[in-house]
Amino acid sequence: MASRLGGLAPHTIAVIELLAIGEPLGMSELETITDPAGLEDAEAQGFVQVRQDGRRTQARLAHPVYGEALRQSLPRSRLRRISAVLAGAMTATGARRREDLLRLGRWQLDSGVPCEPALLSRAARRAGEMFDLELATRLAQAALDLGGGVDAGLVLGEARFRSGRHQEAESVLAGLMPLCETDSELARVASARAHNLHNLVGDPGAAAAILDAALASVTAAGPRLQLLGRFATMKVFESDPGGGLSAAAPLLDSDDDSIVSRGCFISSIALALLGKTQEAVSVAYAGMNRHRRAADVSQLPEAQLIGAVLGHSAGGNFAQAEMDAATGHQACLAAGDKEG
């Protein structure tokens, strides 16, 4: 790659380096931070392709290997400078697309310039939703170090336990408890800790104690339902489907799609384990529909199919169980959701 770049003009190399770090870039923003002659030359030399993406004209490198080779060879100081240029350009034009937030957060982090912890926290959450846990960890840690508080710490803790670093996750999440100022924050932290300790660390006693303490303190309706959802999930995993079904019942009456979908997820599994196979399938499919409308996308809607697969299997409908299992499996593969 170095030999191919050796004969190019500096303004052409600058375009290629910008795309190596930031591709794809809209032509409008790229033209504001590069020399138009360099962009034309890079395209004419076969390094850059310009294509239409909906209503947006975008440029990217002609081959992925170009970007990979350049990213590995660029000096750290140049990476910081390019990242600062890209972050400045996107800030000026506005991060309009969902993926723009993630890119802006990464560029600000790589540039070394002062960052807004709230922006880094949102970018970290988006990275987690896209199952890029390494980037989510980097962004969330930076946000927490800059005073991002509970929001940043939750993303960091979740990224830790989803990456298999369960004890590190508990350390991060436990440290957030004194920072919680609202019922919502306390419920979110307690629920995350209980999940990690119960399902991953294998300490159900500690998980139950955390939930009991939170339920004794939290009075707001929504946060209490979140805690009850975690309690219900634990009951199902403890082979008490009846207890799980009872605990999940209040969630189904909520107006919040996220809470209802959590209630459906737990209830469908519990119903299948109790032998109520057709009801389990119906609740699972209803849960998937509500899940698609929910704001929380930390879990794929297709996760609801677990209850449907169990229901179909318990009822002897193995062909449909296989179809639903394959649908859920393919969705997780496509999204990069290893746990799912």
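**View 1. Ser-261 in helix α16 of the predicted model**. In this predicted model, Ser-261 has its place in helix α16, which spans residues 257-273. With a relative accessible area of 4%, Ser-261 is buried, because its value falls under the cut-off of 20% relative accessible area. When residues up to four places away in sequence are not counted, the residues that Ser-261 touches are Gly-287, Arg-290, His-291 and Gln-304.

**View 2. The open sheet of three strands**. The strands of this open sheet follow the order β1-β3-β2, and their pairing is antiparallel. The edges are formed by β1 (25-26) and β2 (48-53), each of which pairs on one side only. Between β1 and strand β3, the latter made of residues 56-61, the antiparallel pairing runs over two bridges. For Leu-25, the bridge partner in β3 is Ala-59.

**View 3. The largest nonpolar core and the contacts of Leu-139**. The largest nonpolar core holds 47 residues, of which Leu-19, Val-48 and Leu-139 touch the most other members. Helix α2 (residues 10-22) supplies the largest share of this core, with seven residues. Leaving aside residues up to four places away in sequence, Leu-139 touches Leu-102, Gly-105, Arg-106 and Leu-109, and also Leu-120, Ala-123, Ala-124 and Ala-127.

**View 4. The largest cavity and its lining**. The count of cavities of 30 Å³ or more comes to one, and the space in the largest cavity is about 60 Å³. Its lining consists of Ala-124, Arg-125, Gly-128, Glu-129, Leu-133, Ala-136, Val-155, Glu-158, Ala-159, Arg-162 and Ser-298. The elements that contribute two or more residues to this lining are α8 (117-129), α9 (133-145) and α10 (149-162). Sorted by class, the lining of the largest cavity comprises five nonpolar, two polar and four charged residues. Ala-124, one of the lining residues, is also among the residues that Leu-139 of the largest nonpolar core touches.

Definitions and conventions: Residues numbered from 1 in each chain as written. Predicted model: local features only at pLDDT ≥ 70, side-chain atom pairs only at ≥ 80, totals over all residues. Heavy atoms only, no water. 1 Å grid on protein atoms, 1.4 Å probe; cavity = no way out; pocket = protein on both sides within 12 Å on 5 of 7 lines; lining within 4 Å. Points joined across faces, edges and corners; volume = space filled by probe spheres on them. Helix = DSSP H or I, 4+ residues; strand = E, 2+ residues; numbered from the N terminus. Nonpolar A, V, L, I, M, F, W, Y, C, P; charged D, E, K, R; others polar. Core = buried A, V, L, I, M, F, W, Y, C linked by side-chain atoms within 4.5 Å. Buried < 20%, exposed > 50% of the residue type's maximum accessible area, 1.4 Å probe, protein only. Contact = heavy atoms within 4.5 Å. Pairing = 2+ DSSP bridges.
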